[in-house]
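I opened this notebook to record what I looked up in the structure shown below. The entries follow the order of my reading.

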Amino acid sequence: MISYDSVQELADKATKKGKPISALVLADQALQMERSQQDLIEEMNKSLQVMAEAASKGLNSGSKSASGLSGGDALKMKQAIHAGQSLGGMVLSETLAKALAIAEVNACMGRIVAAPTAGSCGIIPALLLTLKEAYDLTEAQVVMSLFTAAGLGMVIAKKASISGAEGGCQAECGSAAAMAAAAAVELMGGTPQMCAHACAIAIKSVLGLVCDPVAGLVEVPCVKRNASGAANALIAAEMALAGIESVIPVDEVIAAMKDIGDAMPKTLKETAEGGLADTPTAKKMAREIFR
């Protein structure tokens with residue numbers, strides 16, 4: 001499978017060819033995998049359907065996870081929206097609700113798409129599915145935007161990391177937010193250069209974010225970080241679409257994330273030995289869960 005070395009090179013290539021990033025990624029992957037573009041589109045569409053099913057399931061269930069640490073918050077968010085209690089507008093509130101919903105489905109061992117990881121699975125679909133509903137977009141448009149997310153995710157995975165165990169939550173929810181932001185920009189008619197800036201802005205906003213799961217489970221604070229990650233993606237996309245640019249080039253931002261992840265102590269990289277996982281309440285929860 002073709003992997004990319006630079007987000008900026010990918011954006012420049014797309015600009016030069018007068019195509020969106022998604023079209024380049026789709027064509028490259030079809031060539032490399034010796035499959036038709038239509039086959040890959042159909043496969044990506046299946047992933048989109050799983051994303052939508054997970055969102056629907058999570059929004060309509062108050063089920064708790066086996067540990068009891070998570071579950072039911074997406075339903076609360078949905079009820080608050082329907083009660084007219086949204087503070088940030090419907091797009092933001094609906095995005096938050098879906099992000100919580102999908103992350104809760106993951107915590108309950110439901111079927112999700114790990115995009116780019118299971119722990120960050122709610123961020124990309126939450127934003128893209130909400131934009132689809134809010135702006136009456138087609139499934140085909142959303143599917144193509146997912147190829148943009150995939151292309152940028154390949155760069156991040158190659159040049160830095162998408163793993164919380166390797167780079168902290170900046171590398172997990174941060175990467176997902178960056179991918180979602182770029183996909184959202186393309187989905188809303190932005191240029192490849194705007195996609196690159198959105199990616200940079202999203203990552204910059206969470207540099208240094210640690211991975212500190214309570215009791216070693218991908219629930220606290222992970223589920224709520226999916227919501228904040230989706231909000232981060234929306235903010236980054238909106239700024240980029242307004243013409244706001246990242247002062248630091250996107251590939252330098254990705255390199256900085258890697259350097260920070262490498263410098264981060266192991267206690268803050270998914271070991272449940274530091275951060276929130278090391279608080280008295282978290283330790284008590286862990287003892288109760290595993291006694």
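Which residues are buried in α10? I noted P192, C195, A196, H197, A198, C199, A200, I201, A202 and I203 as buried, where buried means under 20% relative accessible area with a 1.4 Å probe, protein chains only.

I recorded the source: this is a predicted model, in which local features need pLDDT of at least 70, side-chain atom pairs count only at pLDDT 80 or more, and totals for chains, interfaces and linings use all residues. Residues are numbered from 1 along each chain as its sequence is written, and side-chain values use heavy atoms, with hydrogens and water left out.

I then stayed with α10. Ten of its 13 residues are buried, so α10 is largely enclosed by the rest of the structure. I looked up its cover, which includes α1 (7-17), α2 (21-33), α7 (139-159), α9 (169-187), α11 (222-241) and α12 (250-263).

I checked the length of α10 (residues 192-204): at 1.5 Å a residue it should span 18 Å, and its end C-alpha atoms are 19 Å apart, which agrees. The expected span is 1.5 Å times one less than the number of residues.

I turned to the whole chain. Its secondary structure comes to 13 helices and zero strands; helices are DSSP runs of H or I with at least four residues, strands runs of E with at least two, numbered from the N terminus. Buried residues make up 51% of the 291 residues.

I looked at contacts (heavy atoms within 4.5 Å). Among those between residues at least 6 apart in sequence, 74% join residues at least 24 apart.

Terms used
Buried means under 20% relative accessible area, exposed over 50%, partly exposed in between (1.4 Å probe, protein chains only).
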